[in-house]
Amino acid sequence: MCVATQQGPWEGAALRVASLTACSQLSSVPLQMLLYLSGAFGAFHLLATLLLLLYKSQVFSYPQRYLVLDLALLVTAGVLEALGLYLGTKGNLTEAEGPLAVSLLLTVVSGLLSTYFLRWQTLVLWADTALSATRLALHGLEAALQVVTIAAFVS
């Protein structure tokens, strides 16, 4: 478990940086790298899906109530993914099973929302399929690494 020591604001800055580096090295490095990649792709996915929804609403006859539903689910997916990535990173760096378990649950829910955008959305374009399939693959890898990391932390 990573423990920070209490020091003054100007004392021991190098020690605090060294302790943060040591905490990072104790965590699951592949999971941490995947969380960073997932965060970057999640932001791209959110923006691209939002732009695709706007495009579909202008070009095609997209029912208004379904557009509102899709936008609400997109915002919900963005919030859940951001919270899951925060908890996953925190749990991984502090080697705590609790935040990682909650992040795993949020990853599963985000995976279900990615499946919605892949299969059940009102109008699915090929770009939606490519984005959501990539997102779903990242969720699968993330969930598998979280399970392995939780098992390593428990034992």
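Visitor: How many helices and strands are there in the chain?

Guide: The model is a predicted one. Its chain holds five helices and zero strands, and along the sequence the pattern reads α-α-α-α-α.

Visitor: What share of the residues is buried?

Guide: Of the 155 residues in the chain, 40% are buried. The accessible surface comes to about 8900 Å², and carbon and sulfur atoms hold 75% of that surface.

Visitor: Which share of the contacts with a separation of 6 or more joins residues 24 or more positions apart?

Guide: Such pairs account for 74% of those contacts in the chain.

Visitor: Which residues make the contact of helix 2 with helix 3?

Guide: On the side of helix 2 they include Leu-31, Leu-35, Gly-39, Gly-42, Leu-46 and Leu-53. On the side of helix 3, Leu-67, Leu-71, Leu-74, Gly-78, Glu-81 and Leu-85 are among them. By class, this contact has ten nonpolar, ten polar and two charged residues.

Visitor: How is the pair of helix 3 and helix 5 arranged, roughly parallel or roughly antiparallel?

Guide: Helix 3 (residues 64-94) and helix 5 (residues 126-154) pack at an angle of about 30°, and their axes are 12 Å apart. Angles under 35 degrees count as roughly parallel, so helix 3 is roughly parallel to helix 5. The crossing of these two helices is left-handed.

Visitor: Which residues form the contact of helix 3 with helix 5?

Guide: Helix 3 supplies Glu-81, Leu-85, Gly-91 and Asn-92, while helix 5 supplies Arg-135, His-139, Glu-142, Thr-149 and Phe-153. Sorted by class, the residues are two nonpolar, four polar and three charged.

Visitor: How do helix 4 and helix 5 cross?

Guide: The axes of helix 4 (residues 97-120) and helix 5 come within 9 Å, with a crossing of roughly 160°. The two helices are therefore roughly antiparallel to each other. Helix 4 passes helix 5 in a left-handed crossing. The residues of this contact divide into twelve nonpolar, eleven polar and four charged.

Visitor: Which residues does His-139 contact, beyond its neighbours within four places in sequence?

Guide: His-139 is in contact with Glu-81, Thr-107, Ser-110, Gly-111 and Ser-114. Glu-81 is 58 residues from His-139 in sequence, and the C-alpha atoms of the two are 9.9 Å apart in space. Glu-81 and His-139 also both belong to the contact of helix 3 with helix 5.

Visitor: Where is Val-147 placed?

Guide: Val-147 is also a residue of helix 5. At 45% relative accessibility, Val-147 counts as partly exposed.

Visitor: What may be read from the loops? Where is Thr-122?

Guide: Thr-122 sits in the loop between helix 4 and helix 5. Its relative accessible area is 36%, so Thr-122 is partly exposed. Not counting residues up to four places away in sequence, Thr-122 touches Tyr-62, Pro-63, Tyr-66 and Asp-70. Pro-63 is 59 residues from Thr-122 in sequence, with 8.5 Å between their C-alpha atoms.

Visitor: What is the phi of Glu-95?

Guide: Phi of Glu-95 is near 55°, a positive value in a residue other than glycine. Glu-95 is placed in the loop between helix 3 and helix 4. With a relative accessible area of 19%, Glu-95 is buried, as the cut-off for that class is under 20%.

Technical notes. Residues are numbered from 1 along each chain as its sequence is written. This is a predicted model: local features need pLDDT of at least 70, side-chain atom pairs count only at pLDDT 80 or more; totals for chains, interfaces and linings use all residues. Side-chain values use heavy atoms; hydrogens and water are left out. Helices (H or I, at least four residues) and strands (E, at least two) are DSSP runs, numbered from the N terminus. Buried means under 20% relative accessible area, exposed over 50%, partly exposed in between (1.4 Å probe, protein chains only). Contact means heavy atoms within 4.5 Å. Accessible areas come from the Shrake-Rupley method with a 1.4 Å probe; for residues, only the protein chains shown count as cover. Axes are lines fitted to C-alpha atoms, for helices over the stretch in contact, and angles run from 0 to 180 degrees between N-to-C directions. Angles under 35 degrees count as roughly parallel, over 145 as roughly antiparallel, 65 to 115 as roughly perpendicular and the rest as oblique. A crossing is left-handed if the near helix is turned anticlockwise from the far one by less than a right angle, and right-handed if clockwise. Ala, Val, Leu, Ile, Met, Phe, Trp, Tyr, Cys and Pro count as nonpolar, Asp, Glu, Lys and Arg as charged, and the others, Gly among them, as polar.
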